[in-house]
Amino acid sequence: MHSSASTPTSAGTVFHLIRTGEAATRAALARHTGASPSTMALRIGELIEGGYIEETGEGASSGGRRPRTLAVTDAPQVVAGVDLGENHAVLVLLNRSGETVATAVHDVSLRRSPDEVLAQLLDHAHALAAETPGRRTLTGIAVSLPGPVDGRTGRLLSPTRMPGWNGVDVRERLEALGGLPTLVGNDANSMAVGEFASRDGEIRDLLFVKAGSGIGCGSIVNGSLYTGFRGVAGDISHTTLKDAPPIACSCGRVGCLDMVASASAIVEALRERGSHVESIEDVLALARNMDPAASEVVREAGRRVGEVLATIVNFINPQLVALGGQLSTSDAFTAGVRQAIYTLCLPMTTDLLEIAVARSGRTAGATGIAWQLLENQLQPGAIDAFLHPHEG
């Protein structure tokens, strides 16, 4: 990252205006920046020569010859985003415009060592880039992890479902293995960003709830991801519920949300009622077929999650609560979440609140973490540093 601040007329600032759609012609760029025609011509020339933009066609005429429009070049460089789960990894490749150019899903086991898993992810990412039309090349890789990540160091903090990963500096190891710029984040946070990006900035305050093997929450506040001091804001899985069954949790306490509302907790609860279910898929199938016991257990899990979310909704006052993860596919679960939030929250926080299944789908985490890395790489200061490496 370039240390000096970009000026209003720098190439990086001009690129940002083009990339965000705020200006697409030389005249519009000059109005936004206050730059002279000669300065603007110089900046545009730098960006074209650097492969960042291209002239693509003619814009609307206000009299006289139509102006040429400028657009981000669909260069072969891409960033890879990986959403790492317990047994699989979802990969996406984003071009400079933030568009998804390729996706893939691979089997990955977190029971293998961190270096083995990270090397596997790098291999998959490079292979996907090489197989994509235009033979793309990676300029960075970002990984979304199913556990709390210290935002200052990139280290995992007591991940529940990642034996052997506690305290591992994933960012450092990934950079050492791949030699590429990297970014590491928590899965729920990454999914929140993915949902935000999928809605084109229309909703600037949202909560994303990942409900599956674990329960996590990511927050977008005024258009920015909120992670807190150490990067673990939204880790609601170990919130203690005062009237929950006294089931011991891996964190050392009892009655945690994870122990009553996660996929494994739901399966166990239904087994205790005499149902012969093997997996959460079995439970959700029963609930879809209106099985009374399965529907009740899943709805109760949703209600428990909603209880915890209610305090956050009252505090943050989001416009949207987006539900993702495997449990979000169940109407019984989403109904339980809605019931608790509408019952426990102030009317002024819920009368315009949307509670809905996330739009971003299975690629939310991979897209969100890749989008964050892309934003870092395409900041005005980073562009200026690339075009003028010996300045500043």
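Q: Before we start, when do two strands count as paired here?
A: Two strands pair if DSSP finds at least two bridges between them. Keep in mind that this is a predicted model.

Q: Fine. Which strands make up the open sheet, and in what order?
A: Five strands, in the order S10-S9-S8-S11-S12. The pairing is mixed.

Q: Which strands stand at the edges?
A: Strand S10 (224-226) and strand S12 (354-357). Each has a single partner strand, so one side of each is left without a neighbour in the sheet.

Q: What does the twist average from one strand to the next?
A: The average is 25 degrees.

Q: Let's go to S8. Which way do S8 and S9 run, parallel or antiparallel?
A: Antiparallel. S8 is joined by six bridges to strand S9 (residues 215-221). Leu 206, for instance, has Ile 220 as its bridge partner in S9.

Q: How many residues sit between S8 and S9 in the hairpin?
A: Three residues lie between these two strands of the hairpin.

Q: And S8 with S11, parallel or antiparallel?
A: Parallel. Five bridges link S8 to strand S11 (residues 320-324). Val 209 has Leu 323 as its bridge partner in S11.

Q: What about S9 and S10?
A: Antiparallel, with three bridges. Val 221 is partnered by Ser 224 in S10.

Q: Back to S8. How many of its residues are buried?
A: Six of its six, across residues 206-211.

Q: Which residues of S8 are on which side?
A: Leu 206, Phe 208 and Lys 210 are on one side. Leu 207, Val 209 and Ala 211 are on the other. Both faces are covered, and these residues are all buried, Lys 210 included.

Q: Why the every-other-residue pattern?
A: Because side chains in a regular strand alternate between the two faces of the sheet.

Q: Which strands does H10 lie across?
A: S8, S9 and S11. H10 runs at about 165 degrees to S8.

Q: And H6?
A: H6 lies across S8, S9, S10 and S11. Its direction is at about 45 degrees to S9.

Q: Stay on H6. Glu 195 is in there; buried or exposed?
A: Glu 195 lies in helix H6 (residues 187-198). It is buried, because its relative accessible area is 0% and the cut-off for buried is under 20%.

Q: What is Glu 195 in contact with?
A: Leaving aside neighbours within four places in sequence, Glu 195 contacts Phe 208, Leu 320, Ala 322, Ala 358, Arg 359 and Ser 360.

Q: Switching to the helices. At what angle do H10 and H11 pack?
A: Helix H10 (residues 292-316) and helix H11 (residues 331-344) pack at about 40 degrees. Their axes are 6 Å apart. The crossing is right-handed.

Q: How do the residues of that contact divide?
A: There are 13 nonpolar, six polar and three charged residues in the contact of H10 with H11.

Q: How many residues are in the largest nonpolar core?
A: It has 40 residues. Leu 257, Val 283, Val 305, Leu 309 and Val 321 have the most contacts inside it.

Q: Which elements supply that core?
A: At least two residues each come from S8, S9, helix H7 (257-261), helix H8 (263-272), helix H9 (280-288), H10, S11 and H11. H10 gives the largest share of this core, with 10 residues.

Q: What does Val 321 touch?
A: Not counting residues up to four places away in sequence, Val 321 touches Leu 207, Val 209, Leu 309, Val 313, Leu 353, Glu 354, Ile 355 and Ala 356.

Q: Last topic, backbone. What is the phi of Arg 135?
A: Positive, at about 45 degrees, although Arg 135 is not a glycine. Most residues other than glycine have a negative phi.

Q: Where is Arg 135 found?
A: In the loop between helix H4 (114-131) and strand S6 (137-145). Arg 135 counts as exposed, because its relative accessibility is 60% and the cut-off is over 50%.

Q: And Asn 317, what is its phi?
A: Also positive, at about 60 degrees, and Asn 317 is not a glycine. Asn 317 is in the loop between H10 and S11. Asn 317 is partly exposed, with a relative accessible area of 42%.

Conventions: Residues numbered from 1 in each chain as written. Predicted model: local features only at pLDDT ≥ 70, side-chain atom pairs only at ≥ 80, totals over all residues. Heavy atoms only, no water. Buried < 20%, exposed > 50% of the residue type's maximum accessible area, 1.4 Å probe, protein only. Helix = DSSP H or I, 4+ residues; strand = E, 2+ residues; numbered from the N terminus. Axes fitted to C-alpha atoms, helices over the stretch in contact; angles between N-to-C directions. Left-handed = near helix turned anticlockwise from the far one by under 90°. Nonpolar A, V, L, I, M, F, W, Y, C, P; charged D, E, K, R; others polar. Core = buried A, V, L, I, M, F, W, Y, C linked by side-chain atoms within 4.5 Å. Contact = heavy atoms within 4.5 Å.
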